[in-house]
Amino acid sequence: MKPQLQAHIFDAVPESLEPIRSLITSFGSVQGIDKNKIYKLCLAVDEIASNIINYGYPMAGINDGTINVSIDYNDNKLTIVLEDYAVPFDPLRKLLPTPEDLAKPIEEKSIGGLGILIARQSVDAFNYEFTDGKNRNIFVVDTD
Amino acid sequence: MSFSVKTEIYEKYTELILEGALDSSTAPLFSEEVKKIIPQNPDTLVLNVEKLDFMSSAGLRVLIFAKQKLGTTATLFLVRPQEQLVETLKMTGLIFSVNIVDNYPE
């Protein structure tokens, strides 16, 4: 299959979450990628994009931020890269809920950390880098 | 794909019917609806999620909030969740705090 590359820019607002997911879903469907994998990829991207929108840009005092979404499909690997200019935030350094936390009854559950846990567990590889003043969150799904 | 939530109050339980996509842009609608029913203190909260096609942690946080506000004696039922939603519940341990059923009343 020919390599495919696409790039799109979205306003960093909650209303962009659905169009970002739609973009990934239609791309995945055209490429014939398993629906369950696409759902999980959408979920992972949605969680990180939500953090950028709800915390990253507000903490940077920026109210007209953007999120660049690029999709690359090559060699049975679907890669999504989110780029933003919000405050540097490495989801890999965020303390995740421990198995003990997750086993707690719902009444004692703390509400934080679930999104990043979901993001990291829903793709085959998740990476983060901060370069040229940009956060780059990289999601990889193996499709073979 | 948008989101809608509808509340139906019965004598023995309260049912919320959720449709569409529950993400951080639509979770506030779900949260508002939950806040409206909390004062009535239902023993049983039934969430019909058969037509809920997407749910992120923003939706899970509302579930946790609802259960925490309603207290330990209240029971939370999820009617016909799609498989991907069940996976998310498993991943986050919330699967142990909800009752998944095909119909309510069963």
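Between which two elements of chain B is the loop in which Arg80(B) is found?

Modeller: The model is a predicted one. Arg80(B) is found in the loop that runs between β4 (75-79) and α3 (83-91) of chain B. The backbone deserves attention at this point, for the phi angle of Arg80(B) is near 50°, a positive value in a residue that is not glycine. As a general rule, most residues other than glycine have a negative phi, and most peptide bonds are trans. Arg80(B) counts as partly exposed because it has 15 C-beta neighbours inside 10 Å, and this class lies between the limit of 12 or fewer for exposed residues and that of 20 or more for buried ones.

Two other places in chain B may be set beside this one. Asn41(B) is also a residue other than glycine with a positive phi, near 50°. Its place is the loop between α1 (27-37) and β3 (44-55) of chain B. Asn41(B) counts as exposed, since 12 C-beta neighbours lie inside 10 Å.

Strand β1 (residues 3-9) pairs with strand β2 (residues 14-22) in the antiparallel sense, over seven bridges. These two strands, β1(B) and β2(B), form a hairpin, and four residues lie between them. Within this arrangement, Phe3(B) stands opposite Gly20(B) of β2(B). Ala21(B) is likewise in strand β2 of chain B. Ala21(B) is buried, because 22 other C-beta atoms lie within 10 Å. Although Ala21(B) and Ser2(B) are 19 residues apart in sequence, their C-alpha atoms are 6.0 Å apart in space.

Helix α2 (residues 35-60) and helix α4 (residues 114-121) of chain A pack at an angle of about 145°, and their axes are 8 Å apart. The crossing of α2(A) past α4(A) is left-handed. The residues that make the contact include Leu43(A), Ala44(A) and Glu47(A) of α2(A), together with Ile116(A) and Ile118(A) of α4(A). By class, the residues of this contact divide into six nonpolar, three polar and one charged.

Finally, the two chains meet. In this interface, 23 residues of chain A are in contact with 21 residues of chain B. On the side of chain A that touches chain B, at least two residues come from each of α1 (17-30), α2, α3 (99-103) and α4 of chain A. Helix α2(A) gives the most to that side, with seven residues. Sorted by class, that side of chain A has 12 nonpolar, five polar and six charged residues.

How values were computed: Residues are numbered from 1 along each chain as its sequence is written. Chains are lettered from A and ligands numbered from 1 in the order in which they are written. This is a predicted model: local features need pLDDT of at least 70, side-chain atom pairs count only at pLDDT 80 or more; totals for chains, interfaces and linings use all residues. Two strands pair if DSSP finds at least two bridges between them. Axes are lines fitted to C-alpha atoms, for helices over the stretch in contact, and angles run from 0 to 180 degrees between N-to-C directions. A crossing is left-handed if the near helix is turned anticlockwise from the far one by less than a right angle, and right-handed if clockwise. Two residues are in contact if their C-beta atoms, placed from the backbone, lie within 7 Å. Ala, Val, Leu, Ile, Met, Phe, Trp, Tyr, Cys and Pro count as nonpolar, Asp, Glu, Lys and Arg as charged, and the others, Gly among them, as polar.
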